[in-house]
Amino acid sequence: MAPSDTWLSEFKTVEKYGNDIMEKINERNKLRRNGGNYNKVQSDVRIMLKTFARDINNLKQSLLQASSSYHVTEREIERRQNMLDQLTTKEKQMNTAFQQESGQSDFGRWERSSLLATGQRGQASNPFDEPEVYTDSNASIGDMRRQQQQIIKEQDEGLEALSGIIQRQKIIGQAISDEVDLQDDIIDDIDGRMDQTNTRLIKETAHVQRVTAKSSTCGMLIVIVVLIIVIIVVGVVPVPDH
């Protein structure tokens, strides 16, 4: 993973901000609806929810950019997408909690208990680890059904986003494979031309050697013929008497 990858630290910051929003919603639910503080807290929560939604969108955009680089593995991309899906689910739950009347504090108590719940080993559990389905005993079957449909829709959206990431990774892999094939063809062509050049060089070297050998043989033959002629002339021509 590249040192410049700050996605996880940004995620933890947004995750903590979500916890702060839920605490703020619980604080609002404790106030009387006609009180002055109630309206102020209500306004603060509304602004925080908008900021939270924008932060989640920024995380999604950063994840899309990371998926097209080589700094993050495909398995890590899938893990981060699951983390984002859980964060999106919590955003929907917080929006639902924000819309509750101040007198309906069951949801606030339930959400606060889930925030401060401890695991089997006594450690505080993270409410963003696993998606939870809130069910109110006073809620109608239609409300529960709509809530389940909303959760299923969010999961489908997460799967579609994951599918898009995998598809882009597949396209990148195919492009790399095509480039490697092209480079292999170029190397094979260069290798073939080198073999042809080497063969021609060997032929030309042999031809030069043959020409050189023939040139030496012709010179010696000429010398021999000249010597023979000289010997014949010396033997035939009489020596004059004095």
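**Figure 1. Polar contact at Asn-29.** The side chains of Asn-29 and Arg-28 make a polar contact at 2.5 Å. The coordinates are those of a predicted model. Asn-29 is found in helix α1. With a relative accessibility of 8%, Asn-29 counts as buried, because burial is defined as under 20% relative accessible area.

**Figure 2. Overall architecture of the protein chain.** The protein chain contains 5 helices and 0 strands, and its pattern along the sequence reads α-α-α-α-α. Of its 242 residues, 24% count as buried. The accessible surface of the protein chain amounts to about 17200 Å², and carbon and sulfur atoms account for 56% of this area. Among contacts between residues at least 6 apart in sequence, 75% join residues at least 24 apart.

**Figure 3. The largest nonpolar core.** This core comprises 24 residues. Those with the most contacts inside it are Trp-7, Ile-21, Ile-25, Phe-52, Leu-59, Leu-87 and Met-94. Helices α1 (7–30), α2 (36–67) and α3 (74–98) each contribute at least two residues to the core. The largest share, 9 residues, is supplied by α2. In soluble globular proteins, nonpolar side chains tend to be buried together.

**Figure 4. Surroundings of Ile-25.** Ile-25 is one of the residues with the most contacts inside the largest nonpolar core. When residues up to four places away in sequence are not counted, Ile-25 touches Val-45, Met-94, Ala-97 and Phe-98. Met-94 is likewise listed among the residues with the most contacts inside that core.

**Figure 5. Surroundings of Leu-49.** Leu-49 lies in helix α2. Its relative accessibility is 8%, and Leu-49 therefore counts as buried. With residues up to four places away in sequence left out, Leu-49 touches Ile-21, Met-94, Asn-95 and Phe-98. Leu-49 and Ile-21 are 28 residues apart along the chain, and their C-alpha atoms are separated by 7.2 Å. Met-94 and Phe-98, touched here by Leu-49, are also touched by Ile-25.

**Figure 6. Nonpolar patch on the surface.** Leu-221, Ile-224, Ile-228, Ile-232 and Val-236 form a nonpolar patch on the surface. Together these residues have about 480 Å² of accessible area. Leu-221 is placed in helix α5, which spans residues 141–236.

Conventions:
Residues are numbered from 1 along each chain as its sequence is written. This is a predicted model: local features need pLDDT of at least 70, side-chain atom pairs count only at pLDDT 80 or more; totals for chains, interfaces and linings use all residues. Side-chain values use heavy atoms; hydrogens and water are left out. Patches are made of residues with over 30% relative accessible area and no salt bridge: like charges are joined within 9 Å, nonpolar side chains (Val, Leu, Ile, Met, Phe, Trp, Tyr) within 5 Å. Accessible areas come from the Shrake-Rupley method with a 1.4 Å probe; for residues, only the protein chains shown count as cover. A salt bridge is a side-chain nitrogen of Lys or Arg within 4 Å of a carboxyl oxygen of Asp or Glu. Helices (H or I, at least four residues) and strands (E, at least two) are DSSP runs, numbered from the N terminus. A nonpolar core is a set of buried Ala, Val, Leu, Ile, Met, Phe, Trp, Tyr and Cys residues joined through side-chain atoms within 4.5 Å. Buried means under 20% relative accessible area, exposed over 50%, partly exposed in between (1.4 Å probe, protein chains only). Contact means heavy atoms within 4.5 Å. A polar contact is a pair of N or O atoms within 3.5 Å; within protein, one must be able to donate a hydrogen and the other to accept it, and residues adjacent in sequence count only if both atoms are side-chain atoms.
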